[in-house]
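Let's take a walk through this structure together. We will begin with its overall build and then turn to charged pairs, the nonpolar core and the surface.

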Amino acid sequence: MESKLRVWESLRNDARQADSVIERQLNVLEGISRLGGNSGVYESRATADGAASSVARIEVAQREFDRKRSDVEMALQQFESLLETMAETARALPPESIAHSHTERFLQLAAEKRRAVTRLTADFKRHREWAELLPSVTHDLEAHREGEGVRFLMEEQDSLRHTQRRLNNILSQAESSRDQLRGQRDAFARIEDRLVQIALRVPVLKRVLGRISSKRRRDALVLGVVIGICMLLMIFFW
């Protein structure tokens with residue numbers, strides 16, 4: 001019985017080591033599944049191929065993921081085979097032995113790691129599809145931005161044309177107003193000339209009227225004197 005227990009304990013130690021190795025492999029596989037490349041090999045390839053297209057990088061990641069997944073599955077098969085041996089050895093031990101519960105726990109860990117491989121495979125597929133669609137989406141976005149840029153430039157051009165038409169109308173109105181102001185200025189200049197001429201002629205008219213008035217007074221005086229003399233002569237000779 002003790003020999004069986006020692007065999008089981010030895011198998012348990014081997015199972016712990018195998019579990020640690022598989023855990024590290026799953027961490028590497030998880031990094032590759034995100035297309036980020038936690039794997040040193042993938043990072044070196046991606047760095048050396050920095051000028052490669054995104055499609056080539058995805059293919060590199062696919063090959064690396066397949067290789068790492070194959071390593072994990074091989075390690076899982078060995079782990080499960082080791083657990084089967086542990087289970088057979090534990091069945092030879094008493095029911096109250098801790099070997100049964102520990103063996104069951106290791107079997108659960110193996111099942112969880114199987115599910116983890118399936119999940120990581122699905123994650124990698126989803127990330128790959130996204131990475132393959134990303135260049136197309138980026139191209140569409142660039143085309144959309146270019147289209148938006150062209151549309152914006154056309155709108156700006158239409159706005160500039162509209163502004164130019166309004167400026168032309170304003171300039172036409174300004175020229176018309178300028179012509180009207182010039183006409184008014186010429187009219188005011190002519191009126192000013194007439195007023196100046198009238199102002200120059202008014203003193204002359206005053207002098208002429210004064211002379212006419214003086215002449216009338218002299219004529220009236222002379223006429224009065226003549227009439228008076230005539231009356232005196234008539235009276236004298238009557």
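This is a predicted model: local features need pLDDT of at least 70, side-chain atom pairs count only at pLDDT 80 or more; totals for chains, interfaces and linings use all residues.

**Overall build**

The protein chain has 238 residues, of which 19% count as buried. How much of the contact set with a separation of 6 or more comes from residues 24 or more positions apart? In the protein chain, that share is 75%.

**Charged pairs**

A search of the whole structure turns up 10 salt bridges.

| Pair | Distance between N and O |
|---|---|
| Lys113 and Asp19 | 2.7 Å |
| Glu23 and Lys113 | 3.3 Å |
| Glu30 and Arg34 | 3.6 Å |

Lys113 forms a salt bridge with Asp19. This pair links distant parts of the chain, since Lys113 sits in helix H4 (residues 98–237) and Asp19 in helix H1 (residues 2–33), 94 residues apart. Both Lys113 and Asp19 are buried.

Lys113 also forms a salt bridge with Glu23. Glu23 lies in helix H1 and Lys113 in helix H4, so this pair ties together parts that are 90 residues apart in sequence. Is Glu23 buried or exposed, or does it fall in between? Glu23 counts as partly exposed because its relative accessibility is 36%, and buried would require a value under 20%. Lys113, at 5% relative accessibility, counts as buried. Taken together, Asp19, Glu23 and Lys113 are linked in a network of salt bridges.

The side chains of Glu30 and Arg34 meet in a salt bridge as well. Glu30 is partly exposed at 29% relative accessibility, and Arg34 is partly exposed with a relative accessible area of 46%.

**The nonpolar core**

In soluble globular proteins, nonpolar side chains tend to be buried together. Which residues have the most contacts inside the largest nonpolar core of this model? They are Ala15, Leu26, Phe79, Leu83, Met86 and Phe106, in a core of 26 residues. H1, helix H3 (54–91) and H4 each supply at least two residues of this core. The largest share, 10 residues, comes from H3.

Leaving aside residues up to four places away in sequence, Leu26 touches Val72, Lys113, Ala116, Val117 and Leu120.

Another spot worth a look is Thr89, placed in helix H3. Thr89 is buried, with a relative accessible area of 9%. Again not counting residues up to four places away in sequence, Thr89 touches Lys4, Val7, Trp8 and Leu11.

Which residues make a nonpolar surface patch of about 370 Å²? Leu221, Val225, Ile229 and Leu233 do. Ile229 has its place in helix H4. At 45% relative accessibility, Ile229 counts as partly exposed.

Terms used. Residues are numbered from 1 along each chain as its sequence is written. Side-chain values use heavy atoms; hydrogens and water are left out. A salt bridge is a side-chain nitrogen of Lys or Arg within 4 Å of a carboxyl oxygen of Asp or Glu. Helices (H or I, at least four residues) and strands (E, at least two) are DSSP runs, numbered from the N terminus. Buried means under 20% relative accessible area, exposed over 50%, partly exposed in between (1.4 Å probe, protein chains only). Patches are made of residues with over 30% relative accessible area and no salt bridge: like charges are joined within 9 Å, nonpolar side chains (Val, Leu, Ile, Met, Phe, Trp, Tyr) within 5 Å. Accessible areas come from the Shrake-Rupley method with a 1.4 Å probe; for residues, only the protein chains shown count as cover. A nonpolar core is a set of buried Ala, Val, Leu, Ile, Met, Phe, Trp, Tyr and Cys residues joined through side-chain atoms within 4.5 Å. Contact means heavy atoms within 4.5 Å.
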